[in-house]
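Q: I have a chain open here and would like to talk through its architecture. Could you take me through it, beginning with the overall picture?

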Amino acid sequence: MNDQVKILTEEQMLQEPEDNYMNEAQLAFFRQRLIELHDTTRDRIQAAKDQMVSPMDSSDPSDRASSEEQSALALRIVEREQKLLPKIQISLERIRLGTYGYCLETDEPIGIPRLLIRPTAEYCADVKSLMEMKEIQYKD
């Protein structure tokens, strides 16, 4: 990818004509967004881990309980954020391979609005909705 590509804004991305879908400028935008997401996710994981490593030192039972609750919350944050990192890496690889922005099941465009909200999306909204409906049916 050319390093001289101008990075578009979200507004410019939404105004791009459909026949420009996943052009070089759009791919550069999402590549930058994914790298930033990766960095901020790693920072949040580290902050949560730091919080767990240095719990509050108190003899008061309610303070200890509060500290333990905060540690449990930090652990859940770490677990959730750690699941995001591989998705970001897969999305970056899909950019490299030229398949980013297209549904893994239908090869249809996922769409700029959906990717702006969830840059790691692998499925178009219709396929994802069907998958979630099937998931709900199997849980019952």
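Q: To start with, what percentage of the residues in the chain is buried?
A: This is a predicted model. Buried residues account for 29% of the 140 residues in the chain.

Q: And how many helices and strands are there?
A: The chain has 5 helices and 0 strands. Read from the N terminus, the order of elements is α-α-α-α-α.

Q: Is the chain spread out or compact, judged by the globule rule?
A: The chain is more spread out than a compact globule, because its radius of gyration is 20 Å, well over the 14 Å that the globule rule gives for 140 residues. Along the principal axes, the C-alpha atoms fill a box of roughly 65 × 45 × 25 Å.

Q: What share of the contacts links residues 24 or more positions apart?
A: Among contacts with a separation of 6 or more, such pairs make up 52%.

Q: Let us turn to helix packing. How do helix 2 and helix 3 cross?
A: Helix 2 covers residues 24-53 and helix 3 covers residues 61-97; their axes come within 9 Å and cross at roughly 155°. An angle over 145 degrees counts as roughly antiparallel, and helix 2 and helix 3 are therefore roughly antiparallel to each other.

Q: Left-handed or right-handed?
A: The crossing of helix 2 and helix 3 is left-handed. The residues in the contact of these two helices comprise 17 nonpolar, 8 polar and 5 charged.

Q: Which residues does Glu81 contact, leaving aside neighbours within four places in sequence?
A: Glu81 is in contact with Thr41, Arg44 and Ile45, once neighbours within four places in sequence are left aside.

Q: What about Arg33, then? Where is it found?
A: Arg33 is in helix 2. With a relative accessibility of 22%, Arg33 counts as partly exposed. Apart from its neighbours within four places in sequence, Arg33 is in contact with Glu10, Leu116 and Pro119.

Q: How far apart in space are Arg33 and Asp60?
A: Their C-alpha atoms are 44 Å apart, and the two residues are 27 residues apart in sequence.

Q: Now the loops. Which backbone angle stands out at Met22?
A: Met22 has a positive phi of about 55° although it is not a glycine. Met22 sits in the loop between helix 1 (10-15) and helix 2, and at 10% relative accessibility it counts as buried.

Q: And what is the phi of Asp107?
A: The phi of Asp107 is near 65°, again a positive value in a residue other than glycine. Asp107 lies in the loop between helix 3 and helix 4 (112-117). At 58% relative accessibility, Asp107 counts as exposed.

Q: Where is Cys103, and how far in space is it from Cys124?
A: Cys103 is found in the loop between helix 3 and helix 4. The C-alpha atoms of Cys103 and Cys124 are 5.3 Å apart, although the two are 21 residues apart in sequence.

Q: Which residues does Cys103 touch, not counting those up to four places away in sequence?
A: On that basis, Cys103 touches Glu108, Ile110, Glu122, Tyr123, Cys124 and Val127. Cys103 is buried, with a relative accessible area of 1%.

Technical notes:
Residues numbered from 1 in each chain as written. Predicted model: local features only at pLDDT ≥ 70, side-chain atom pairs only at ≥ 80, totals over all residues. Heavy atoms only, no water. Axes fitted to C-alpha atoms, helices over the stretch in contact; angles between N-to-C directions. Helix = DSSP H or I, 4+ residues; strand = E, 2+ residues; numbered from the N terminus. Parallel < 35°, antiparallel > 145°, perpendicular 65-115°, else oblique. Left-handed = near helix turned anticlockwise from the far one by under 90°. Nonpolar A, V, L, I, M, F, W, Y, C, P; charged D, E, K, R; others polar. Rg over C-alpha atoms; globule rule 2.2 N^0.38 Å. Buried < 20%, exposed > 50% of the residue type's maximum accessible area, 1.4 Å probe, protein only. Contact = heavy atoms within 4.5 Å.
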